[in-house]
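Let's take a friendly walk through a protein model. Have a look at the picture first, and then we'll go through it part by part.

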Protein chains: 2
Amino acid sequence: MTIHDPAYGPDPADAPPLRWGILAAGGIAAKFAADVPAHSSGTVVAVGSRSLERAQAFASTHQIPTAHGSYADLVADEQVEAVYVASPHSEHLEHALLAIEVGKPVLIEKSLTRNAAEARELFAAAKARGVFVMEAMWSRFLPHMVAMRQIIASGEIGEVHMLTAEHGQGLDHLEDEHRLKNPDLAGGAVLDLGVYPISFTQAVLGAPDQITAVGTMTTTGVDESEAITLRYGNRALALLGASLKGATRNAATITGTKGRIEIEPTFYAPTTLTVVPREGEPRSITPAVGGGFEYQAAEVARCVAEGHLESDLHTWAHTLAVMETMDEVRRQLGVVLPGE
Amino acid sequence: MTIHDPAYGPDPADAPPLRWGILAAGGIAAKFAADVPAHSSGTVVAVGSRSLERAQAFASTHQIPTAHGSYADLVADEQVEAVYVASPHSEHLEHALLAIEVGKPVLIEKSLTRNAAEARELFAAAKARGVFVMEAMWSRFLPHMVAMRQIIASGEIGEVHMLTAEHGQGLDHLEDEHRLKNPDLAGGAVLDLGVYPISFTQAVLGAPDQITAVGTMTTTGVDESEAITLRYGNRALALLGASLKGATRNAATITGTKGRIEIEPTFYAPTTLTVVPREGEPRSITPAVGGGFEYQAAEVARCVAEGHLESDLHTWAHTLAVMETMDEVRRQLGVVLPGE
């Protein structure tokens with residue numbers, strides 16, 4: 001039974017079927033493996049890990065038919081029609097290129113790459129090979145985000161002039177070697193958490209004209225937290241935060257001249273959206289959602305079936321601009337990753 | 001009957017009696033005239049305006065015995081023990097000095113002055129004359145702020161590392177000549193609205209080590225909105241917003257390593273405070289409050305009775321540091337007031 005409200009975009013169960021291979025068997029891959037078969041027309045037919053044992057354990061847990069002990073074997077698997085890259089950010093470019101080289105569509109966890117230069121290389125390779133590529137910014141496809149776009153487009157909240165959003169998680173207990181704290185694995189708050197409020201803001205307001213960022217650092221040399229402001233000409237401002245030190249409210253608010261939209265709890269996951277008009281009573285929307293990751297998978301399936309190289313909704317240009325904003329945030333904070 | 005919860009500081013009705021004179025008969029003076037006699041031991045014995053007619057109308061509305069047609073007459077009135085300056089920011093220094101010169105304690109609306117230089121001049125005059133002076137940052141004395149300080153001091157939310165607060169109001173309909181848009185009257189979002197989140201943040205974290213600000217401007221040349229970040233060494237960050245273009249959420253959130261405090265709606269007025277622990281159930285506190293302005297008036301009455309020149313809780317140094325932060329925000333935005 002489908003859990004989806006047709007008022008907020010197409011049902012993921014109605015997308016063309018697509019057989020997925022999961023590249024890297026970590027925590028976020030587990031959510032993909034759970035959501036996609038349960039709530040969309042997609043299936044997961046294989047998982048690959050550098051450790052065959054790890055791949056087999058993941059396959060067993062998630063009832064996936066095939067486990068591969070290398071990423072090359074995964075992308076070469078003839079049953080695999082599309083690849084989901086769920087490795088650390090530092091590996092995304094290399095792993096996405098494996099799929100692109102064999103001509104298979106690829107959905108790549110956010111942040112897409114470590115920096116904008118790597119993102120450009122990735123998109124250039126996809127274009128040259130004629131392969132579909134998309135950043136796995138799952139939030140963008142969620143029904144409450146569809147509702148948000150409908151409400152803003154309707155003019156109900158007027159001209160948007162202020163946006164606030166933050167994403168903090170209590171991850172300070174992690175070991176220094178953990179990918180989130182490790183520069184070698186492209187750790188740091190902005191690439192892992194800040195990417196959500198930055199991408200969200202850009203979806204509403206576009207790429208900013210001015211970026212400021214201040215932050216704090218881990219002892220391992222990555223950004224532990226940051227406070228970011230974005231300016232859009234003389235029309236709008238955004239205030240964004242990210243932190244590994246504790247769970248912030250993780251709400252988003254979009255203020256316009258005629259009212260505002262509040263999204264919480266956890267603005268980037270299935271949640272409640274409330275419209276607070278300048279005059280009159282607030283109203284809330286909580287769209288039914290089965291899992292969450294099925295929406296991005298369905299977008300890939302639709303785009304691939306239609307022969308597109310990129311999603312019209314979540315374009316390469318959007319992702320590249322987000323990477324450029326994060327590059328600038330890291331530059332202002334003095335966070336340099338190995339080899340940059 | 002007193003409306004006050006004794007768990008959150010002294011009852012305003014228990015403060016020593018004090019006879020107030022109100023300098024300038026505007027909107028905020030009306031709230032003072034309503035709250036102080038109704039909910040504290042203070043009384044309002046006179047009001048002064050440049051227009052005797054306006055003073056008389058205000059006195060009639062608020063049942064104040066005496067109306068004066070000049071500020072000099074108001075401060076000279078022997079019935080007046082303390083003066084509340086409620087004129088536009090641009091006039092605060094001049095009007096506060098009138099009270100200081102006749103040796104009367106003075107409570108001055110926020111922002112205290114146009115800039116830090118004027119604030120220093122004001123405090124120097126008060127010190128030289130031995131007169132009590134305090135900025136009318138009423139929020140700081142409200143019971144939910146007492147509760148906030150108790151909770152932070154208890155260690156319940158751990159080390160504070162992220163703070164967000166904003167203050168936006170839908171004031172875009174105002175005429176260009178209105179004080180909020182008029183450079184001659186020290187208009188602009190930061191001096192009128194931003195002072196709340198800035199002072200609030202400083203009350204929690206102290207004066208910042210680094211300030212960044214971006215903003216938008218009115219056609220009249222003052223700041224219409226701003227997005228501000230504050231950094232406190234490597235320990236904490238703050239994200240603050242202010243806007244004349246629309247009502248933002250006006251919530252404040254203080255995130256610590258063990259949990260967070262959410263204050264809303266309207267963090268700076270009597271409201272609800274919710275503690276969200278890292279683990280466990282949230283709990284909310286909504287202290288009973290009669291009006292709101294009675295708490296700051298009671299603080300003045302206590303300090304004056306004890307012979308202090310400044311409040312221990314809301315010090316001159318605090319107010320001066322807030323003015324310095326606002327100076328820096330305006331400098332980064334390019335907002336220069338006449339004569340600066």
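## Strands and sheets

Two strands pair if DSSP finds at least two bridges between them. Helices (H or I, at least four residues) and strands (E, at least two) are themselves DSSP runs, numbered from the N terminus. Before we use these terms, a word on the source: this is a predicted model, where local features need pLDDT of at least 70 and side-chain atom pairs count only at pLDDT 80 or more, while totals for chains, interfaces and linings use all residues. Residues are numbered from 1 along each chain as its sequence is written, chains are lettered from A and ligands numbered from 1 in the order in which they are written, and side-chain values use heavy atoms, with hydrogens and water left out.

Start with chain B. Its open sheet has 6 strands in the order β3-β2-β1-β4-β5-β6, with parallel pairing. At the edges you'll find β3 (66–68) and β6 (133–136) of chain B, each pairing on one side only. Strand β2 (residues 42–48) of chain B runs parallel to β3(B), and 3 bridges join them. In that pairing, V47(B) has A67(B) of β3(B) as its bridge partner. Helix α2 (residues 52–62) of chain B packs on the sheet and touches β1 (18–23), β2 and β3 of chain B. The direction of this helix makes about 160 degrees with that of β3(B) (axes are lines fitted to C-alpha atoms, for helices over the stretch in contact, and angles run from 0 to 180 degrees between N-to-C directions).

Chain A also has an open sheet of 6 strands, in the order β3-β2-β1-β4-β5-β6 with parallel pairing. Here β3 (66–68) and β6 (133–136) of chain A each have a single partner strand, so one side of each is left without a neighbour in the sheet. Strand β5 (residues 106–109) of chain A pairs with β6(A) over 4 bridges, and V106(A) stands opposite V133(A).

## The nonpolar cores

A nonpolar core is a set of buried Ala, Val, Leu, Ile, Met, Phe, Trp, Tyr and Cys residues joined through side-chain atoms within 4.5 Å. Buried means under 20% relative accessible area, exposed over 50%, and partly exposed in between (1.4 Å probe, protein chains only).

The largest core has 105 residues, and W20(B), F32(B) and F200(B) have the most contacts inside it. Helix α7 (residues 189–205) of chain B gives the largest share, 8 residues. Domain 1 (6–138) and domain 2 (143–286 + 316–333) of chain B both contribute, so this core lies between them (domain bounds come from an automatic or database domain assignment). A second, separate core has 104 residues, including V75(A) and L230(A).

## One glutamate in a loop

Is E91(B) buried or exposed? At 16% relative accessibility, E91(B) counts as buried. E91(B) sits in the loop between β4 (82–85) and α4 (92–101) of chain B. Leaving aside neighbours within four places in sequence, E91(B) is in contact (heavy atoms within 4.5 Å) with R50(B) and L185(B).

## Where the chains meet

Chain A and chain B each put 45 residues into their contact. Together they bury about 3200 Å², 57% of it on carbon and sulfur atoms. Buried area is the accessible area (1.4 Å probe) that two parts lose on being put together, summed over both. V214(A), K245(A) and R249(A) supply 20% of the area that chain A buries against chain B, more than any other three residues.
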